[in-house]
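Welcome! Please keep the view open as you read.

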Amino acid sequence: MKKSKDDYLTIFFISIIGIYIFIALAFPMYAIFSKSVENKDGIFIGFENYQSYFSNPALVYSIYNSLFISIITMVITITLAFVFAYALTKSCMIGKSVFRSIAMIPILVPSLLSGISLIYLFGKQGIFRELMMGYEIYGPIGIIIAEVFYTFPHALLIIITALSIGDARLYEAAKVLRSKSIRTFFTVTLPSAKYGVISAAFVVFTLVITDFGIPKVIGGQFNVLAVDVYKQVIGQQNFEMGAVVSVVLIFPALLAFAVDRIVQRKQVAILTSRSVVHEPNKNKKFDLIMLMYCSIISVFILTIIGMCLYASLVTFWPYNLSLSLTNYQFDLMDGGGWDSYYNSIRMACYTAFFGTIVVFTGAYFVEKSRSIKTGRSILHLLSMMPMAIPGLVLGLAYIFFFNHPDNPLNFIYGTMAILVICTITHFYTVSHLTALTSLKQIDNEFEHVSSSLKQPFYKTFFRVTVPISLPAIFEIGIYFFVNAMTTVSAVVFLYSSKTNLASVAVLNMDDAGDIAPAAAMGMMIFYTNAAVRIIYVLVTKKILVRFQKWRTKTV
Amino acid sequence: MNKILTTISVAVVFLLSLANANAGSLTVYTAIEAEDLKRYAATFNEDHPDIEINWVRDSTGIVTAKLLAEKNNPQADIIWGLAGTSLMLMKGEGMFEPYSPKGIEKLDPKFRDGDEPASWTGIDAWVAAVCVNTVEMAKHGFSMPSSWEDLTKPEYEGHVAMPNPNSSGTGFLDVSSWLQIFGEDGGWDFMDRLHKNISHYTHSGSKPCKQAAAGEVPIGVSFAFRGARSKAKGAPIEIIVPSEGVGWEMEANAIIKGTDNLEDAKTLADWAITQKAMEMYNEAYAVVGMPGVAKPVEHFPPGLLDAMIKNDFEFAATNRKSILAEWQKRYDSKSEPKS
């Protein structure tokens with residue numbers, strides 16, 4: 001078949017986005033693997049680095065430590081999030097939307113902020129230090145509490161989705177058969193949510209094992225893999241060993257990724273077009289218990305954030321408790337000053353803008369272009385890859401790839417551009433999936449009609465697809481923005497003196513012992529993200545009313 | 001179609017504009033306390049407004065490791081304020097552009113490289129000290145320490161913080177001074193006993209004192225300047241000068257070989273040892289490179305200057321690597337299983 005102008009354009013755009021992902025992901029990953037089998041002078045030495053890694057008991061012990069905290073956190077988070085999600089979807093308690101909003105707070109702050117908060121709550125001068133009963137918050141206890149806080153909303157979102165697709169017809173059947181509610185829970189609710197729970201469990205596991213902010217802040221002498229990467233690279237500038245630990249770190253993350261993909265595929269099959277959404281029935285006792293439970297969790301989340309807010313305003317903890325803004329004088333602290341905050345905002349805006357364009361266009365071609373089947377599936381596969389790569393590893397890989405003197409792209413090293421590219425790549429997959437979901441809802445008839453009217457595809461794209469998908473586009477933009485503000489792991493190796501970031505400043509201020517200013521900078525990130533989210537809600541309400549009117553008419 | 005192409009080209013131009021480099025500026029590597037950086041750059045710019053300073057700051061060990069790692073592809077133009085022992089080590093690696101700044105003869109001979117032209121010039125010195133939180137000490141019923149030896153008293157078990165010498169310059173000057181004060185064997189023996197009392201080793205040299213100031217630990221091995229700053233902020237701390245004597249280290253400057261901005265680097269190297277610069281350092285440091293300039297600094301403990309040991313920098317510089325390796329082998333494994 002002769003290819004049309006449209007086909008060539010499609011090939012052109014698919015190639016551009018494909019090349020982008022190759023440069024931003026595949027080549028750097030190759031660089032990190034090859035670095036791990038080289039010595040300092042760049043000569044191939046096989047697995048010698050790995051041998052010396054596995055013969056160092058302190059480093060190997062980090063693997064056990066990492067697995068230990070990841071598994072414990074996974075169990076706790078999934079249990080807590082499941083009950084919370086259950087309350088939100090299957091009870092008739094009041095204040096559901098409030099609880100939901102509170103539960104999302106941890107997404108708006110850098111992960112390590114919860115660690116800082118715990119120091120103020122349970123540290124040697126903490127408000128509730130007696131509750132520790134002589135145990136140290138510095139170490140596995142602190143890490144696990146902080147990680148639960150950090151991963152809770154991620155698990156919650158997935159489990160809510162899984163629980164809300166439970167088919168009401170099954171519940172009806174169970175009721176008619178006079179099944180006890182506990183039995184219904186185990187035979188209907190749990191099986192339909194099974195895949196969501198497994199998926200959430202692996203997401204939590206990956207988040208914890210690849211997070212280094214929290215163990216860095218509150219881990220004390222308890223070493224984990226992610227911190228080892230950081231120590232090797234930043235502390236000792238031993239890049240080869242950093243590469244080795246990174247490769248070790250990729251394996252559990254890859255495994256989790258693979259399981260998640262398999263499970264996700266099965267999940268989709270449960271929901272058929274004939275499913276009916278299950279509406280919960282009132283049950284006073286049950287609703288009250290759920291209300292109490294959600295309140296306790298919410299109080300926990302608000303305490304963590306509230307403690308940081310308070311600590312950031314206290315002049316000199318714990319000896320001068322008068323309130324002042326001293327800790328917000330970032331220019332006098334280690335870490336980057338107010339410049340780093342403005343840099344973060346710029347970085348987040350660029351990431352949101354360019355990221356949304358790249359991701360949405362990419363998803364459009366994957367979903368809507370009729371020709372070039374292989375190109376589409378390759379592009380989809382490439383778009384799924386970033387999820388399997390921990391941010392820390394991606395950042396390190398960027399050093400190896402972009403700072404190589406022979407790389408023609410060497411000039412972006414140390415600039416804002418590399419931070420933006422790295423952040424877009426790091427958060428590519430989730431955005432890609434959001435875009436795909438939204439595009440799948442648009443009938444392919446639009447493309448068919450426009451093509452039979454001999455209209456080029458980009459006209460349909462701009463006149464139909466983009467306006468219809470505006471909610472998803474905004475969602476992607478906001479996702480990029482919020483994550484660009486909070487991410488530490490992907491950018492900690494890549495910032496330069498001119499492009500210091502707020503999230504990295506939190507880390508560095510804590511490192512230098514300026515904990516209160518670190519809390520203050522973390523709160524600045526929180527205020528910004530919260531404000532952006534609120535503006536987003538207001539704006540989308542207005543815009544959506546205009547652009548999405550047709551949706552409500554049909555209902 | 002045109003619309004798309006325009007959008008793309010705008011985006012590319014935009015990305016490129018993010019990536020442009022600045023001319024007329026210096027990348028300066030340093031380990032000077034962060035709160036002083038803005039002040040230093042501003043004072044320098046009073047005389048040289050056309051040279052922009054881009055600081056890259058981290059703890060001494062980190063900056064040293066970074067410079068060594070970048071040896072073949074240097075990113076820095078000049079070093080302004082990094083431990084003298086690190087600079088001596090790097091001089092041996094041939095990493096500096098030898099240049100005797102104007103007025104070098106006015107510096108105390110200890111504060112300049114003996115070679116002609118000189119590879120490095122010292123600007124000031126920082127001195128070890130112990131920050132002790134009086135409130136927390138009273139709470140635990142501890143007696144105040146007055147010597148290094150006191151820090152090994154069993155009652156302090158788990159109540160002392162000190163910097164990791166691998167990353168912190170202060171940590172390294174502590175370790176190298178103990179090896180000089182107590183002798184090689186006596187020094188390691190002292191550290192073995194001290195290790196039993198250590199609650200944690202920090203990455204930065206100022207953190208133990210800041211933690212002592214905040215009551216997270218009662219005793220923090222740190223340096224006098226940091227203690228004075230925290231005391232000025234109202235922290236209930238005493239700055240103890242151990243009776244055996246205290247280690248100290250100079251901060252020094254050097255131009256990196258291969259800098260693409262040698263002229264500006266020389267201008268900065270010249271300015272950094274002028275009297276004006278020395279007075280600027282003196283606001284925080286009690287000892288500066290030019291004799292006769294220094295005035296007493298507020299909150300500094302009395303007798304500190306007399307307690308400074310006769311530091312053998314040559315010993316510290318040449319043995320830096322082996323001392324650090326030995327230290328790491330002995331103490332860096334606190335995270336290992338207790339089996």
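Two residues count as being in contact if their C-beta atoms, placed from the backbone, lie within 7 Å. By that rule, A:Phe316 touches B:Lys233, B:Gly234 and B:Ala235, leaving aside residues up to four places away in sequence.

This is a predicted model, in which local features need pLDDT of at least 70 and side-chain atom pairs count only at pLDDT 80 or more, while totals for chains, interfaces and linings use all residues. Residues are numbered from 1 along each chain as its sequence is written, and chains are lettered from A and ligands numbered from 1 in the order in which they are written.

**Where the chains meet**

A:Phe316 is found in strand 1 (residues 314-316) of chain A; helices (H or I, at least four residues) and strands (E, at least two) are DSSP runs, numbered from the N terminus.

The contact between the chains takes 39 residues from chain B and 38 residues from chain A. On the side of chain B that touches chain A, helix 3 of chain B gives the most, with five residues.

**Two helices in chain B**

The axes of helix 4 (residues 84-92) and helix 13 (residues 313-331) of chain B come within 9 Å and cross at roughly 60 degrees. Axes here are lines fitted to C-alpha atoms, for helices over the stretch in contact, and angles run from 0 to 180 degrees between N-to-C directions. Helix 4 of chain B and helix 13 of chain B are therefore oblique to each other (under 35 degrees is roughly parallel, over 145 roughly antiparallel, 65 to 115 roughly perpendicular, and the rest oblique). Helix 4 of chain B brings B:Gly84, B:Thr85, B:Met88 and B:Leu89 to the contact, and helix 13 of chain B brings B:Phe313, B:Ala316, B:Ala317 and B:Arg320.

**A covered strand**

How many residues of strand 7 of chain B are buried? Five of the five in strand 7 (residues 219-223) of chain B are. B:Ile219, B:Val221 and B:Phe223 point one way, and B:Gly220 and B:Ser222 the other way. In general, side chains in a regular strand alternate between the two faces of the sheet.

Strands pair if DSSP finds at least two bridges between them.

| Partner strand | Sense | Bridges |
|---|---|---|
| Strand 4 (residues 121-133) of chain B | antiparallel | five bridges |
| Strand 5 (residues 160-163) of chain B | parallel | two bridges |

B:Val130 stands opposite B:Val221, and B:Ala161 has B:Gly220 as its bridge partner.

Notes
Buried ≥ 20, exposed ≤ 12 C-beta atoms within 10 Å, placed from the backbone.
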